[in-house]
Amino acid sequence: MFRYANPAIFMGLSGVLLPWVSGAAAIALTAGLWLGFHVPPDYQQGMTVTIMFVHVPAAIVAETAYGLIAVASLFSLVWRHPLADTAARAAAPLGAVFTALGLITGSLWGRPMWGAYWVWDARLTSFLLLFFLYLGYIALWNAIEDEVRAARAAAILALVGAVNLPIIKFSVDWWNTLHQGESILSGQIAPVFLWPLLTMALGYMLLFTALWMVRVRTGIVDRRAKSLMQREA
Amino acid sequence: MSGPFASLVLRDLKLAARSGGSAALALAFFALVATLVPLGVGADLKLLARIAGGVLWVGAVLAALLSLDRLYQGDFDDGSLELIALSPLSLEQVALAKLFAHWISTGLPLTLLSPLLAVLFGLPAPAMLALFVSLLIGTPAVSAIGAIGASLTLSLKRGGLILPLIVLPLLVPAVIFGAGAVTSVLDHLSNGALGLLAGFAAASVLLSPFAAAACVRLNLAG
């Protein structure tokens, strides 16, 4: 684990992996979309069920990205590792975009299903709050000029958010629930819908990984350039 | 009352009362928000009683947010935070003292004012009691989570803009349980909202000093 946290080793490894991960993402997304357009209409939802294939994976990636930020922040605070800061910072805008994508596709799905673009349903609401948590995190990173200080403050905020997130989710569930329950792990989803969904989820995850690697690499290069400039000055 | 903890609490209370009277300003803000809402939604007392719990909770949270910069930013700007850090108290104890003083000068007065505003909203007596109790239990959580946000942004020149963005999403459970306690009384239900709110407040008050102390430490280290 710590061996790969060395920036030089990470640069080498990610440089080799990046084309493969990007290619795999392109293949999985193409296959997932092809499968998605060839499912039979759902008996209740008709063809709008295909929105699920772009909606659910976005939501999964959005949550995973926050988990990644929380774990990286813990590493940053406990072991003071600079790569952990870069890893957390790189994931934040991606996570925010996937959260926004989940919200937008969710509202487009909600229009035919619930008759409104937005309903104050528990999961939609907690996703909206997740989006605001991302915005606050990004804003804090950008607001503090000193990089080390910004990294620590952002890490503390990410951990406070990670502790609070389950409570927020619980409170919003308690407040109202209309969204359908979880149906992937419990096996209630028909296999004909499950396969395109899983392929798309894999594609989204690979896409996130590829973009995240690019951002971490850029972060490392940026940091090097800054330290070189400081040495010059 | 004596000792460094008590004197720090007293110092913060005096500052809240004297320097610009920011404690009183938060109360005025709270009352103004409560006055604006009926002007916006109409004078229907039935509707107002229905939304009173939510409106007054949101108003109290916003009013408390306004006074958060007093917690650390002022002390950081004039250097007194460094002197406080040199005191025999640990930074965690300092954070707890400041949190306590903030609640006494903001959360408690807001709670005491709430029954009066509830009358303006036509809230029946049992629901008014629920609102009072929920604010009494819940405002410490607002101060506690607000203190984390205030300590994160204490060195920022424009921290006032970023602070609500950080703090408000974290305060969602307090608003939901607090306003839910009032609505449940109106609907003659018992849903355990006050218990959940008390749990949330206890956890926030317990954990907040550690997070706030860590933020103060990193800002003083630079």
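Modeller: What follows is a quick tour by question and answer.

Modeller: This is a predicted model, where local features need pLDDT of at least 70, side-chain atom pairs count only at pLDDT 80 or more, and totals for chains, interfaces and linings use all residues. Residues are numbered from 1 along each chain as its sequence is written, while chains are lettered from A and ligands numbered from 1 in the order in which they are written.

Colleague: OK, chain B. How many helices and strands does it have?
Modeller: Chain B has 10 helices and 0 strands. Helices (H or I, at least four residues) and strands (E, at least two) are DSSP runs, numbered from the N terminus.

Colleague: What share of chain B counts as buried?
Modeller: 52% of the 222 residues of chain B. Buried means 20 or more other C-beta atoms within 10 Å of a residue's own, exposed means 12 or fewer, and partly exposed is in between; the C-beta atoms are placed from the backbone.

Colleague: Switching to chain A. What is it made of?
Modeller: Chain A has 6 helices and 0 strands. Its C-alpha trace spans about 65 × 40 × 30 Å along the principal axes, and 39% of its 233 residues count as buried.

Colleague: How many residues of chain B are in contact with chain A?
Modeller: 20 residues of chain B are in contact with 23 residues of chain A. In contact means that the C-beta atoms of two residues, placed from the backbone, lie within 7 Å.

Colleague: Which element of chain B gives the largest share of that side?
Modeller: Helix 10 of chain B, with 6 residues. By class, the side of chain B that touches chain A has 17 nonpolar, 3 polar and no charged residues. Here Ala, Val, Leu, Ile, Met, Phe, Trp, Tyr, Cys and Pro count as nonpolar, Asp, Glu, Lys and Arg as charged, and the others, Gly among them, as polar.

Colleague: Where does helix 10 of chain B bend?
Modeller: At Leu207(B), by about 35°, and a proline, Pro209(B), follows within four residues. The bend is the angle between axes fitted to the seven residues ending there and the seven starting there.

Colleague: Now Ala181(B): buried or exposed?
Modeller: Ala181(B) counts as buried, because it has 27 C-beta neighbours inside 10 Å. Ala181(B) sits in helix 9 (residues 172–186) of chain B.

Colleague: What is Ala181(B) in contact with?
Modeller: Leaving aside neighbours within four places in sequence, Ala181(B) is in contact with Ala130(B), Ser134(B), Ala193(B), Leu194(B) and Leu197(B).

Colleague: Last one: why does Asn142(A) count as exposed?
Modeller: Because Asn142(A) has 12 C-beta neighbours inside 10 Å. Asn142(A) is in helix 4 (residues 122–143) of chain A.
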